[in-house]
Amino acid sequence: MVMTKVMVMDLPWLEVPLINALATARSHALLVQGPAGVGQFDLAMLLAQAWLCEAPLADHRGACGQCASCRLFKARTHPDFQLLVPEALREPLGLPPANADENGEAKVSKTKPSKEIKVDAVRATLAFAQGTSARGRAKVVVVYPAESLNHVAANTLLKTLEEPAGQLRFVLASTAPEALLPTIRSRCQAFPLGLPQREAALAWLAGQGVEAPEVLLDATGGRPQEARDWYVAGLRANAWQQLPQRLARGDAQALADWPPPRAIDALQRLCHDLLRRVHAVPPTYFAPAALPAPTLAAPLLAWEAVLRRAARHAEHPLNAGLLIESLFAQGQSALREATVRR
Ligand SMILES: [Zn+2]
């Protein structure tokens, strides 16, 4: 048998999960679940393209990438495909705004783009689901992230998930499957997507132009897309490695340029690793040599609780700069109290 080259893939570590998902899919609805930042959305799109492809590769290796259906899919004009994402995610995913005019420009809107998938969007998708497949192979709906379906939207989708029309297939992707309605989960076949192999992730990051990729991959707990996003946002390996010592010195400028949610996230990771040092467990996000060596857990646990509360409101801080400075100062005193000589 001649092995044709596997379809061009931006995230090479998805090759094996894609084959496994295509080979084991028995249900009309798959739920891809696992950590963020490892290509959930990309896998959902690869599955959709493969199910719609008119000349799919042998051995469940996915879409051909060249047929008429694949060309329509890549142009995002496939008549048998629907994508349900929150308005706020359209731009980060490279999609035109949902309310775009004929020139692709967004109409001026006073409201912030929603982070929820709303019932209107689900109803439009269900209308799409009623008709027959335009190209005769399948109809596919991708829902990402599935936990952003609000309650009404989820209940509206449920009816179609229960009784799908003939060729209709769903891929739901979620980093928080426990937040989905149990009735939604039970209608789907779960497909776990875990962290990629370290070597594959490092090679991909290097190919994306990320310097010192091992530091940023560790900083994000092994999630290569997140590491790339942090790098693009300006995080550099040496700044990350210096963060623990800058906390010890109370130098809050270390996080001054970061958006509050990301700065709080960074402090949470640092706190997590300091607690691991207390318990003599290898750190997760920082190199051991970069970390101070606290010995008491209690002050750090108190700081951790403060950070968790701040993270819940990080999207709308009244004064972001003051908030981060205050969290940093609390971290510095927690670290000092936690570091006692025996
Ligand atoms: Zn194709």
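**Pocket, zinc site, strand pair**

By class, eleven nonpolar, five polar and five charged residues line the second largest pocket. Ala, Val, Leu, Ile, Met, Phe, Trp, Tyr, Cys and Pro count as nonpolar, Asp, Glu, Lys and Arg as charged, and the others, Gly among them, as polar. The model is predicted: local features need pLDDT of at least 70, side-chain atom pairs count only at pLDDT 80 or more, and totals for chains, interfaces and linings use all residues. Numbering starts from 1 along each chain as its sequence is written, and side-chain values use heavy atoms, with hydrogens and water left out.

Stay at this pocket. Select L83, L84, V85, R90 and A98, which lie nearest its centre among the 21 lining residues. β2 (81–84), α4 (87–90) and α5 (119–130) each give two or more residues to the lining. β2 gives the most, with four. A pocket is an open set of points on a 1 Å grid over the protein atoms alone, where a 1.4 Å probe fits, with protein on both sides within 12 Å along at least five of seven lines; lining residues have an atom within 4 Å of a point.

Next, select the zinc ion. Its protein donors (N, O and S atoms within 2.8 Å of the metal, 3.2 Å for Na, K and Ca) are the SG atoms of C53, C64, C67 and C70, at 2.3 to 2.4 Å. The angles run from 103 to 116 degrees, so the arrangement is tetrahedral (all angles between 85 and 135 degrees). C64 and C70 are both buried (under 20% relative accessible area, 1.4 Å probe, protein chains only).

Finally, select β1 (residues 29–33) and β5. They run parallel, joined by four bridges. V32 has F191 as its bridge partner in β5. Strands are DSSP runs (E, at least two residues) and helices are H or I runs of at least four, numbered from the N terminus.

Note on methods. Tetrahedral: all angles 85-135°; square planar, octahedral: opposite > 155°, others 65-115°. Buried < 20%, exposed > 50% of the residue type's maximum accessible area, 1.4 Å probe, protein only. Pairing = 2+ DSSP bridges.
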